[in-house]
Amino acid sequence: MRKNGHRNGAGRDVVTGGIMVAALILFIGTSGSVLSDIVQHVDNIGEADNVMVSALLLNIALIIFGWRRYREMTVEMAERIAAENRATELAVTDPLTGLKNRRAVTEGTAELFMAARKQHCQIAFLMLDLDDFKRINDLYGHAAGDDVMCRVAARMLSVAPAEAIVARLGGDEFGCVFLFDPDQANAVDDIAARMVEAVSQPTPQDRLEFDLTTSVGISVSETGAESVELVMRRADIAMYAAKRLGKNRYAWFDPEMEAALLSRNEVELAMRRGIPLGEFLPHFEPQVDLASGEIIGFEMLARWMHDGLLVSPDSFIGIAEDTALIESLSISVMEQAFMEVRQWPAHLSLAVNISPIQLRDPWLAQKIVKLLTETGFPAHRLEIEITESSLFENLTLAQETISSLKNQGISVVLDDFGTGYSSLAHLRALPFDRIKIDKSFILSLEEKNDSEAIVKAIIGLGSSLGLPVTAEGIEHAEVAETIRAMGCHRGQGYHFGHPTDLLGARALLAQNGMPIITDAQRETAGHRHHDDQSPWRRAFG
């Protein structure tokens, strides 16, 4: 459209110019004789030629018209040029922050590559991503989030080199690219550190202040990145490495990061294939009554049997959470566990740990209830374990989820108790049925006196609140006796048995004189006693 407008405008200019030129030629050619006739007519010397007079007047009119049209066209062209300049500026500018956008930084970096070759410099690309920015939108609203974006943009501009290209790349991701002397690479560190510090300054919002941090990835052309896309991608890889290192920091790109990313991607693809194929299996760790030593339940753990090898959970749980595969993985493993454990003695409970990622799902409780209904596993035998750290993101949603689970008869356990920052507040705000002491305190009982004091305090707190306590990480008989003497009634750990698969769990039950009632036996018993309970009634006790 803009090209057509240019052509149409140019055509009008030619027509207007042609009229002007023709009018001037006619005026010059006829004005002399016509004016002479008019003068003679006025002096009664002769008669004026009417045709020539008309031609003169027409020429004058055409000149006036042409001049007016020329002025109009001049104004119109100026407005068109200004509009095109504004459109060009908008095309390369982020409308919210006023920074350059991704298109502009891509084009600008390409130009910097050429300048770097001429000046024998290198390019530094800083990729910034705000840490946990979604929390700000959730707590204060998107208007507040937009205000934060503008503040971050201003802070970046205040510390970036004058010639740097500063851009908002999208969402809460920003970029800063500039030239630097390779003999003074520490200047890049200085700018990155100042960026992190500037962003982390307290941010006021509605008479409140909250902390804002950023993770920065650095990529330079020295790494072999000879294209805009490559230098940006490597900065992005380094930025995510900074997040994994703890956030609120910067990290330089390293080729090993790229190799780790490729490996991580391979694991993700293998997981996507493995979940529907049933490669993820439930393993069971026994929980015992510390007074009698009898098994009273199990904790379900997810394990991955891939290509005949048992993969460590440390190798896939984090990836599953980052890629949202944790939900389908968890549902698959829980379904298998429910189908198996429903055949075990009815007094045995099953504890299932829920990922913080899953707790963000407002439909989590409904999905668990649906799974209980489909498998026929009694709700009163299920314990859902929620880590204290997962409650910080959205306490209101956690309250709703826990209430929904408890309304169905499911017990809810606060896991890793003692590692959070507001344990007492959570115990008061949320209706937990049990607390579980973090294993780090149990493992260090033999070495640190302060751990013993913490364990005693937690057990005493649970007793005063009427909350039973489970201790995990018990590896020695002496520790088990110490915990029992403190008043803890339930424990788990390698002292009582390592996590094992279905066959191992069945063998452990057999050793402890606990027979397994198969579905066929249950059905036969049901017919014999005229058990008319529906699967739904069985699921919820």
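Which residues form one aromatic cluster? In this predicted model, the cluster consists of Phe280, Trp304 and Phe316. Seven aromatic pairs are counted in total. One of them joins phenylalanine 338 and phenylalanine 377, whose ring centres lie 5.0 Å apart. Their planes meet at 5°, so the pair is stacked.

Helix α3 covers residues 102-119. With 18 residues at 1.5 Å a residue, α3 should span 26 Å. The C-alpha atoms at its ends are 25 Å apart, which agrees. At the start of the helix, asparagine 101 places a side-chain oxygen within 3.3 Å of the backbone nitrogen of arginine 103. Just after the helix, histidine 120 adopts a positive phi of about 55°.

The buried residues of α3 are Ala104, Val105, Gly108, Thr109, Leu112, Phe113, Ala115 and Ala116. Their packing partners are the strands β1 (122-130), β2 (165-170) and β3 (173-180), together with helix α7 (228-244). Leaving aside residues up to four places away in sequence, threonine 109 touches Ile123, Phe125, Ile165, Val177, Val228 and Val231. Its side chain also reaches the backbone oxygen of valine 105, at 2.6 Å.

Ala505, Leu508 and Leu509 are buried. These residues cover an arc of only 100° around the axis, which puts them on the same side of α17. An α-helix has 3.6 residues a turn, so residues three or four places apart point the same way. On the other side of α17, Leu503, Ala510 and Gln511 are exposed. Strands β8 (280-289) and β9 (295-306) are among the elements that cover the buried residues of α17. Just after this helix, glycine 513 has a positive phi of about 70°.

Notes:
Residues numbered from 1 in each chain as written. Predicted model: local features only at pLDDT ≥ 70, side-chain atom pairs only at ≥ 80, totals over all residues. Heavy atoms only, no water. Buried < 20%, exposed > 50% of the residue type's maximum accessible area, 1.4 Å probe, protein only. Helix = DSSP H or I, 4+ residues; strand = E, 2+ residues; numbered from the N terminus. Arc of directions from axis to C-beta. Contact = heavy atoms within 4.5 Å. Phe/Tyr/Trp six-rings, centres within 6.5 Å; stacked < 30°, edge-to-face > 60°. Polar contact = N/O pair within 3.5 Å; in protein donor to acceptor, adjacent residues only side chain to side chain. Expected span 1.5 Å × (residues − 1).
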